[in-house]
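Welcome! Let us walk through this structure together, one region at a time.

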Amino acid sequence: MIGTHVDVRDLVVRFGKRAALDRLDLTLDTGVHGLLGPNGAGKTTLMRVLATVATPTSGHVSLLDHELGDHGRLRQVRRRLGYLPQQFGYYPRFTVREFVEYFAWLKEMPAAQVPTAVDRAIERVGLLDRADERLKKLSGGMLRRAGIAQAIVNDPDLLLLDEPTAGLDPEQRVAFRELLRTIGVDACVVVATHLVEDVTAACTDVTLINDGRTVFRGTHEELAAAGNDAGTGDSAIERGYTAVLRAARQR
Ligand SMILES: Nc1ncnc2c1ncn2[C@@H]1O[C@H](COP(=O)(O)OP(=O)(O)OP(=O)(O)O)[C@@H](O)[C@H]1O
């Protein structure tokens with residue numbers, strides 16, 4: 001039983017003089033958590049810290065009850081992570097199956113479990129009929145689905161998805177949100193997205209970040225209510241989003 005999946009306090013990440021994350025606080029447990037924010041807000045930087053591929057300048061980060069600063073525990077945490085980067089690298093000549101198997105191996109899964117886990121992950125993203133196709137032959141949306149398959153192959157306790165629905169067609173997006181809801185029952189899923197529909201359809205709560213800080217945390221209904229007809233946008237949640245950002249910028 002995991003106490004707290006993500007516990008971030010006073011997190012700072014600097015690139016030169018600029019703070020991409022500026023004393024950010026965030027606590028997350030099981031569920032599907034939407035991460036919204038304008039371009040440059042710090043979403044990808046935060047996801048990279050949670051994926052243990054970027055090092056904080058300062059602050060406290062605990063993942064799956066392990067302090068990130070503790071190198072001995074890093075390997076244990078990584079085995080239980082799934083991460084889809086915004087731009088992910090891949091070997092174009094690998095088939096979908098080889099690609100997902102490769103990540104199962106990186107995550108040190110027991111060899112006997114790998115074939116079943118790989119097939120299950122590929123099936124869950126609807127790519128089983130393409131499992132033996134080389135990645136270079138896939139469409140952009142299919143490639144992203146292969147990326148999602150590698151992220152979930154180990155049934156992660158912490159699943160980090162950076163812009164997972166970019167390039168997915170509407171039917172696939174609906175299927176994917178259903179998958180998120182299923183995974184979020186037992187795991188902590190963090191979805192960085194620009195699509196407010198992803199948040200309303202699949203997320204249990206939403207965190208809005210601006211200029212490297214958390215400026216809102218609540219349900220999508222609460223974000224919509226924050227609009228109070230003050231923000232601009234075509235939907236209630238878009239109006240809430242713009243109103244919260246506007247208020248944060250005036251502070
Ligand atoms: N490697 C880097 N070197 C220098 N600056 C960086 C680097 N990575 C990010 N930044 C800066 O940090 C800030 C946050 O960037 P980040 O990519 O985390 O934002 P984001 O919220 O994911 O944006 P987007 O919605 O455009 O993907 C930006 O000002 C960006 O220019």
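The paragraphs below move from the sheet to the helices and end at the ligand.

Before we start, please keep in mind that this is a predicted model, in which local features need pLDDT of at least 70 and side-chain atom pairs count only at pLDDT 80 or more, while totals for chains, interfaces and linings use all residues. Residues are numbered from 1 along each chain as its sequence is written. Helices (H or I, at least four residues) and strands (E, at least two) are DSSP runs, numbered from the N terminus.

Let us begin with the sheet. Six strands, in the order S6-S7-S8-S3-S9-S10, make up an open sheet with mixed pairing; two strands pair if DSSP finds at least two bridges between them. At its edges are strand S6 (81-84) and strand S10 (213-218), each of which pairs on one side only. From one strand to the next, the twist averages 15 degrees; angles here run from 0 to 180 degrees between N-to-C directions, and axes are lines fitted to C-alpha atoms, for helices over the stretch in contact.

Strands of a sheet pair through backbone hydrogen bonds, either parallel or antiparallel. You can find both kinds here. Strand S3 (residues 31-36) pairs with strand S8 (residues 188-192) in the parallel sense over 5 bridges, and His33 stands opposite Val190 in S8. S9 and S10, in turn, run antiparallel and are joined by 5 bridges, with Thr207 opposite Arg217 in S10. These two strands, S9 and S10, form a hairpin with 2 residues between them, and Asp211 in the turn has a positive phi of about 50 degrees.

H8 lies across strand S9 (205-210) and S10, running at about 110 degrees to S10. Two residues are in contact if their C-beta atoms, placed from the backbone, lie within 7 Å.

Which way do H8 and H9 lie to each other, roughly parallel or roughly perpendicular? Helix H8 (residues 220-227) packs against helix H9 (residues 236-250) at an angle of about 70 degrees, and their axes are 6 Å apart. That makes H8 roughly perpendicular to H9, since angles under 35 degrees count as roughly parallel, over 145 as roughly antiparallel, 65 to 115 as roughly perpendicular and the rest as oblique. The contact involves, among others, Leu223 and Ala224 of H8 and Ile237 and Tyr241 of H9. Its residues divide into 9 nonpolar, 3 polar and 1 charged; Ala, Val, Leu, Ile, Met, Phe, Trp, Tyr, Cys and Pro count as nonpolar, Asp, Glu, Lys and Arg as charged, and the others, Gly among them, as polar.

Another helix pair is H3 (residues 96-106) and H5, which pack at an angle of about 30 degrees with their axes 8 Å apart. H3 is therefore roughly parallel to H5. Here Val96, Phe99, Val100 and Phe103 in H3 meet Ala146, Ala149 and Gln150 in H5, a contact with 6 nonpolar, 1 polar and no charged residues.

Our last stop is the ligand. Around the ligand are Phe15, Arg18, Ala20, Gly37, Asn39, Gly40, Ala41, Gly42, Lys43, Thr44 and Thr45; a residue is near a molecule if its C-beta atom, placed from the backbone, lies within 6 Å of it. Strand S2 (18-28) and helix H1 (43-50) each supply at least two residues of this shell, and H1 gives the most, with 3 residues. By class, the shell has 3 nonpolar, 6 polar and 2 charged residues.
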